Each structure stands twice: as C-alpha cells, then as structure tokens.
Amino acid sequence: MPDRAGIFMDRDGVINRPPPPEERYITRPRDFQLQPGIAAAIRLFNERDLPVAVVTNQKAVAIGRLTLPTLQEIHERMRELLAAEGATLQAIHYCPHRESDQCECRKPRPGMIIAAAAELNIDPRLSWMIGDQARDLEAGRAAGCKTLLIGSASVPTSLVDVYLRKTTDLAVWTQENFHL
Ligand SMILES: [Mg+2]
C-alpha cells in the first residue's frame, strides 16, 4: 500500500489565469499564463518530496474547440513556464469528455485523482486536492483527500478544509504546514 502524501491540483484558475468568461477555455499555448506565486508553491512541494499531479477537466476537447495535440502543446508550455522558476509537475491528467459522456474522470468524479494516485504511489487520504471550484473539492472529497479552496467561488463550507484568498497565499501555507 502506498503511504506517501501528494498534492492534486486543478489547472485553470489555480496554476494558470482563468480563461476570459467569453472564451471559457484556454485553446492557445500563448494564452496560458501562470498565476502569481504558483510556481513558488509547486517548488516548495517539490522540495518536500510531495508529488504534484495536475487534474484538469478539458471539455473543450469534447466539443471540438481544442485538439489533443494543442492540449499537449499547452501542457508543454505549462511545464516550461514552471521549469523556468524551478518547479516540476510529476503528472498531468486531463478529462477530455463532456458531462453527457458519463465518464469516471470528469470532476466532480474522482477518477483522475485515483489514477494519478496509483501512478505516483500516493495515498489520497494523506493528500490534498487544491482547486478553485466546488467540483474540484467534491472530487477530492470523493477520493478521500483533504481539500483546499483558492479564490472567490462560492462553495459549501462543508467541502472546504482550508481556504486561501489568492494563489500567492499558497507558498506561505505550504511552508507553515509542511516542514522540510
Ligand atoms: Mg479551475
């Protein structure tokens, strides 16, 4: 049985600036911009041997707004931007489906967390799911994780173990809660 903790992290709105409301999706690599402070937080997780797995719904694929090769390019840009600040992701899991596909991976279902946990030998019950929407935290709860909400979405307090107002708060929280 795995006995190590890890970090599961939503992408849009947590790692990168959310897409503009009128566009809804990031469909071009050049539109992918890191949120302030997120690379520093991921670097701190790296230094503490906490694997970081991105778990992201990408319905744009299902509805024909985004191809898988372009999604891969966007994720290469994500890795490059993070690497420039010394931060590394251990896994990236995406769900390319829409609600009506009734897949197991689309959040609020926990399929991506379960798959990433198995891949990285992580025990979800020792781990955190970090997101900016209720469905992120629902997926985390369903997988047995502790939950951390960042941002201004209104989310039932029962879903939230820790709340941070902005992404720049995450590095401080990490230093205070995970010692080297
Ligand atoms: Mg999000």
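**Exercise 1.** Find which residues of helix H4 (residues 111-120) are buried, and state on which side of H4 they lie.

Solution. The buried residues of H4 are Met 112, Ile 113, Ala 116 and Ala 117. Buried means that 20 or more other C-beta atoms lie within 10 Å of the residue's own; 12 or fewer makes a residue exposed, and anything in between partly exposed, with C-beta atoms placed from the backbone. Helices (H or I, at least four residues) and strands (E, at least two) are DSSP runs numbered from the N terminus. The four residues cover an arc of only 130 degrees around the axis, so they are on the same side of H4. The arc is taken over the directions from the helix axis to the C-beta atoms.

This is a predicted model, in which local features need pLDDT of at least 70 and side-chain atom pairs count only at pLDDT 80 or more, while totals for chains, interfaces and linings use all residues. Residues are numbered from 1 along each chain as its sequence is written.

**Exercise 2.** Name elements that cover the buried residues of H4, then do likewise for H5.

Solution. For H4 the cover includes strands E1 (7-9), E2 (52-57), E3 (91-95) and E4 (128-131), together with helix H5 (134-143). In H5 the buried residues are Asp 136, Leu 137, Glu 138, Ala 139, Gly 140 and Ala 143. Their cover includes E1, H4, E4 and strand E5 (146-150).

**Exercise 3.** Identify the residues with the most contacts inside the largest nonpolar core, and list contacts of Phe 8.

Solution. The core has 45 residues, and Phe 8, Ile 113 and Ile 130 have the most contacts inside it. Such a core is a set of buried Ala, Val, Leu, Ile, Met, Phe, Trp, Tyr and Cys residues joined through C-beta atoms within 7 Å. Helix H1 (residues 38-47) gives the largest share of this core, 5 residues. Leaving aside neighbours within four places in sequence, the contacts of Phe 8 include Ala 53, Val 55, Ile 113 and Ile 130. Contact means C-beta atoms, placed from the backbone, within 7 Å.

**Exercise 4.** Locate Arg 24 and Asp 49, and give the phi of Arg 24 and of Asp 49.

Solution. Arg 24 lies in the loop between E1 and H1. Its phi is positive, about 70 degrees, although Arg 24 is not a glycine. Asp 49 is in the loop between H1 and E2, with a positive phi of about 60 degrees.

Definitions and conventions
Two residues are in contact if their C-beta atoms, placed from the backbone, lie within 7 Å.
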